[in-house]
Amino acid sequence: MRRFVLTAAMATSFAASLPAAAQFQKPQDAVDYRHSVFTVMGTHFGRIGAMVNGKVPYDAAAVTANAEIVEMMSKLPYAAFPPGTEGTKKGEPKPNVWTERAKFDEAAKKMQGEVVKLVAAARAGNAGEVKTAFGATGSACKACHDDFRNK
Ligand code: ASC
């Protein structure tokens with residue numbers, strides 16, 4: 001039974017990852033794609049940070065616009081980690097992205113959930129909640145980087 005469950009889970013995981021990987025002509029295309037997505041996500045998250053931390057004037061509409069971009073971006077990178085695209089250089093993913101894929105996916109889901117809260121706080125126009133959600137989102141980013149990204 002246990003054997004069956006593992007096999008079914010692996011088959012499901014393979015089926016889920018195959019079409020996504022197949023969308024890229026070559027592994028480097030996936031690397032470039034996820035790098036681009038994280039760059040855009042980090043850029044817009046950073047703009048919220050600048051407002052939350054008082055480096056630029058707080059603008060509730062701009063916070064919402066930036067948070068919505070972060071939310072859309074947050075969904076995209078995880079279909080762009082085909083096997084064999086790990087690395088050893090700074091910023092590159094460690095092999096445990098693939099050997100601990102469930103843990104990696106959990107870390108992704110955690111971040112995505114915090115971003116949903118950030119968007120909700122932004123839409124509600126609640127600067128205090130935005131600040132809290134910004135901190136929680138940054139912690140989720142960092143936790144995944146600590147575990148899965150080369151320093
Ligand atoms: C950012 C950004 C990240 C996260 C991370 C949080 O602004 O680009 O990757 O926050 O540094 O620790």
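At what angle do helix 5 and helix 6 pack, and how far apart are their axes? In this predicted model, helix 5 (residues 101–124) meets helix 6 at an angle of about 165°, and the axes sit 8 Å apart. Angles over 145 degrees count as roughly antiparallel, so helix 5 is roughly antiparallel to helix 6. Their crossing is left-handed. On the helix 5 side, the contact includes K103, F104, A107, K110 and M111, while helix 6 brings in residues including E129, V130, A133, F134 and A136. Sorted by class, the residues of this contact come out as 15 nonpolar, 1 polar and 6 charged.

Next up is helix 2, which packs with helix 3 (residues 60–74) at an angle of about 155°, with 9 Å between the axes. That makes this pair roughly antiparallel too, and helix 2 passes helix 3 in a left-handed crossing. Helix 2 puts V37, V40, M41, H44, F45, R47, I48 and M51 into the contact, and they meet A62, V63, N66, A67, I69, V70, M73 and S74 of helix 3. By class, that gives 12 nonpolar, 3 polar and 1 charged residues.

Helix 2 also packs with helix 6, this time at an angle of about 135° and with the axes 10 Å apart. The two helices are therefore oblique to each other. Here, too, helix 2 goes past helix 6 in a left-handed crossing. The residues that touch are F45, I48, G49 and V52 from helix 2 and V130, K131, F134, T137 and G138 from helix 6. This contact holds 5 nonpolar, 3 polar and 1 charged residues. F45 and I48 turn up in the contact with helix 3 as well.

That leaves the ligand. Around the ligand are G42, F45, G138, C141, K142 and H145. On its own, the ligand would expose 310 Å², and the protein buries 56% of that. Two elements give two or more residues each to this shell: helix 2 (27–52) and helix 6 (127–148). Helix 6 supplies the largest share, with 4 residues. In terms of class, the shell splits into 2 nonpolar, 3 polar and 1 charged.

Terms used:
Residues numbered from 1 in each chain as written. Predicted model: local features only at pLDDT ≥ 70, side-chain atom pairs only at ≥ 80, totals over all residues. Heavy atoms only, no water. Near = heavy atom within 4 Å. Areas by Shrake-Rupley, 256 points an atom, 1.4 Å probe, with all protein chains shown as cover. Nonpolar A, V, L, I, M, F, W, Y, C, P; charged D, E, K, R; others polar. Axes fitted to C-alpha atoms, helices over the stretch in contact; angles between N-to-C directions. Parallel < 35°, antiparallel > 145°, perpendicular 65-115°, else oblique. Left-handed = near helix turned anticlockwise from the far one by under 90°. Contact = heavy atoms within 4.5 Å.
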